[in-house]
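Q: I would like to learn how to read a protein model. Please take me through some of its features one by one.

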Amino acid sequence: AAPSADELARRERQRAAQAEARRRQASGAPTKKERKKRKKQPDAAAPSPKRAAAPAPKQGSEGAAKWRQKEFKGKGRNEFRKARDPELEEEAKGRTQHDVVIVPIFWRNRPGEEDAVVGEGERIKRLLAQAKLDVWVDRTHKKSPGQKLAFWEAVGVGWRIELGPDDVRGKRCVVSKAGSDGFASAVKVRDVSSVRRGDVLRALRDRLGLAKVPALDEDPALDAEHDKEADAALRKWREAARGEEAPRLAATRPKVSLGKKRINVDAKSSSKKITFGGDDDDDDIYAAAGADDDSSGEES
């Protein structure tokens with residue numbers, strides 16, 4: 001049977017709609033799906049136009065070799081450093097050249113650790129205040145510890161005090177002086193007491209050559225006050241870490257529940273390595289971190 005007039009009109013409208021869709025697609029207009037998404041999210045930005053594909057290198061060994069030489073000439077392992085150094089120098093312009101910079105090293109996802117490490121850095125700064133030194137504590141989050149050291153070297157600060165979680169637990173710090181070839185060649189004095197002002201000043205003056213440090217007498221009362229404050233901060237850190245869930249081991253076999261236990265902030269990070277595999281069917285080896293008496297309560 002011949003189609004009715006209504007059916008013919010519907011087909012004509014459909015052909016016209018298809019032709020209009022092809023025209024919009026050729027002109028780069030958004031598709032129907034993109035238009036619907038934009039209606040639901042009116043604040044969404046318009047999609048960026050598609051970029052043309054990069055031209056492929058010429059076929060043949062000779063053409064490809066010439067293309068590689070032109071594209072990668074002068075680029076190597078130090079390319080990132082070459083691009084980073086001008087950025088650091090530009091950012092370092094106008095910054096104050098402090099005498100000493102304290103760089104706290106902490107992990108923000110560990111409860112109480114940032115407050116403990118940064119607080120110890122502020123107390124060391126207060127200890128050095130009577131020596132008339134310009135001390136700055138870098139507690140920013142935008143840079144890694146290595147980037148902070150490189151940045152302050154670009155500013156012109158040659159002496160710094162590095163302070164990490166293990167140092168706070170042991171009431172010590174690392175006093176260092178920038179080397180001639182970046183922070184990798186720095187001269188470091190390790191295990192310097194962070195609660196005795198005289199030890200820090202002697203490390204800066206006598207061992208690292210900071211001539212600006214005066215010869216101050218020992219101040220046992222000031223050191224004792226700092227030691228007391230450090231103990232109080234350490235107790236507060238333990239309270240913040242109490243009840244934290246222990247990390248789980250990633251294994252291919254069914255996970256063994258380790259439960260919840262307190263994290264001992266006084267324990268050093270374990271250097272033990274656990275090897276999975278073999279023909280041993282004893283699932284207890286997959287809970288080795290919880291089974292060893294020596295590793296219970298350690299941070300991972």
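**Reading the model**

A: Begin with helix α6 (residues 145–155), where Lys148, Leu149, Ala150, Phe151, Trp152 and Val155 are buried. Buried means under 20% relative accessible area, exposed means over 50%, and partly exposed lies in between (1.4 Å probe, protein chains only). Just after α6, Gly156 takes a positive phi of about 115 degrees. This is a predicted model, in which local features need pLDDT of at least 70 and side-chain atom pairs count only at pLDDT 80 or more, while totals for chains, interfaces and linings use all residues. Residues are numbered from 1 along each chain as its sequence is written, and side-chain values use heavy atoms, with hydrogens and water left out.

Q: How many helices and strands does the protein have?

A: Helices (H or I, at least four residues) and strands (E, at least two) are DSSP runs, numbered from the N terminus. Here there are ten helices and five strands.

Q: What percentage of the residues count as buried?

A: Of the 300 residues, 28% count as buried. Accessible areas come from the Shrake-Rupley method with a 1.4 Å probe, and for residues only the protein chains shown count as cover.

Q: Which residues is His226 in contact with, leaving aside its neighbours within four places in sequence?

A: Contact means heavy atoms within 4.5 Å. With those neighbours left aside, His226 is in contact with Glu120, Arg123, Ile124, Leu127, Ser194 and Val195. His226 lies in helix α9 and counts as buried, at 4% relative accessibility. For the protein, residues 24 or more positions apart account for 61% of the contacts with a separation of 6 or more.

Q: How many salt bridges does the structure hold?

A: A salt bridge is a side-chain nitrogen of Lys or Arg within 4 Å of a carboxyl oxygen of Asp or Glu. The structure holds 20 of them. One of these joins the side chains of Arg126 and Glu229 (2.4 Å, N to O). Arg126 lies in helix α5 (residues 113–127) and Glu229 in helix α9 (residues 220–241), so the pair ties together parts that are 103 residues apart in sequence. Arg126 is partly exposed at 47% relative accessible area, and Glu229 is partly exposed at 26%.

Q: Where do Asp199 and Arg202 lie?

A: Both are in helix α8 (residues 197–207), three residues apart, about one turn of the helix. Elsewhere, a network of salt bridges links Glu153, Arg160, Glu162 and Lys188.

Q: Which residues gather in a patch of positive charge on the surface?

A: Patches are made of residues with over 30% relative accessible area and no salt bridge; like charges are joined within 9 Å, and nonpolar side chains (Val, Leu, Ile, Met, Phe, Trp, Tyr) within 5 Å. Lys and Arg count as positive and Asp and Glu as negative, while His and the chain ends are not counted. The place of a charge is taken as NZ of Lys, CZ of Arg, CG of Asp or CD of Glu. In this model, the positive patch gathers Lys32, Arg35, Lys36, Lys39 and Lys40. Lys40 lies in helix α2 (residues 32–40) and is exposed, at 74%.
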